[in-house]
Amino acid sequence: MTTSNVKQGEHAVPHPHVPGRPCSAAAALQLVGERWALLAIREIFYGNRRFGRIVRNTGAPRDRLAARLRAMEEAGLVERRAYSERPPRFEYHLTEAGRDLAPVMRALLTWGDRWAVDTPPVALRHRGGPGSAHEAEHDLDPVSTCRTCGEEIGSGSLTIDVRAPGWDQAGPTEGS
């Protein structure tokens, strides 16, 4: 069973039911938690929108990648757009929901640069816009900040407020 949380002007992204603790991370992983899904998202972020390039750059088996792209299209993360009528050919574009995965991809790259590779194979570059104090391009050094107070987020500054009925931080409450 899936539900949807649609805001005005957005397309529906199905919310899959997952066993265990109600959790947005678990629901997100149902949609994009498979390796080929996130690598396809990466390639589309990089501007590689055609199936052949996505296959080549991810190393995914064609059938598995086609299934992932189909599932992400059904979930509203990507959309296919025709670029040729004869023969019919399509390329993939990220929807708003897909583009909202950008911080996830940056976090995975940052973590991978630190813990999974000896030498980072890709650098994200940042350039401030007009009027910015940082107009020169430089390697991105991302941090997470709270939108409400502007403070940098550290693990010691977070608490967990469990809001799912019948659950607390330790798990299901008695009688659930």
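Q: Why are helix α2 and helix α6 called roughly perpendicular to each other?
A: In this predicted model, the axes of α2 (residues 35–45) and α6 (residues 102–115) cross at roughly 105 degrees. Angles of 65 to 115 degrees count as roughly perpendicular. The α2 and α6 pair is therefore roughly perpendicular. The two axes come within 11 Å.

Q: Which residues make the contact between α2 and α6?
A: From α2 come L38, I41, R42 and F45. From α6 come A102, M105 and L108. The residues of this contact divide into six nonpolar, no polar and one charged.

Q: Why does T58 count as buried?
A: The cut-off for buried is under 20% relative accessible area. T58 has 9% relative accessibility, so T58 counts as buried. T58 is found in helix α3, residues 51–58.

Q: Which residues does T58 contact, leaving aside neighbours within four places in sequence?
A: T58 is in contact with W36, L39, A40, R42, E43 and L65.

Q: How do you know that strands β3 and β4 pair?
A: Pairing needs at least two bridges. β3 (residues 78–84) and β4 (residues 89–94) pair over six bridges, in the antiparallel sense. V78 stands opposite L94 in β4. The two strands form a hairpin, with four residues between them.

How values were computed:
Residues are numbered from 1 along each chain as its sequence is written. This is a predicted model: local features need pLDDT of at least 70, side-chain atom pairs count only at pLDDT 80 or more; totals for chains, interfaces and linings use all residues. Side-chain values use heavy atoms; hydrogens and water are left out. Buried means under 20% relative accessible area, exposed over 50%, partly exposed in between (1.4 Å probe, protein chains only). Contact means heavy atoms within 4.5 Å. Axes are lines fitted to C-alpha atoms, for helices over the stretch in contact, and angles run from 0 to 180 degrees between N-to-C directions. Angles under 35 degrees count as roughly parallel, over 145 as roughly antiparallel, 65 to 115 as roughly perpendicular and the rest as oblique. Ala, Val, Leu, Ile, Met, Phe, Trp, Tyr, Cys and Pro count as nonpolar, Asp, Glu, Lys and Arg as charged, and the others, Gly among them, as polar.
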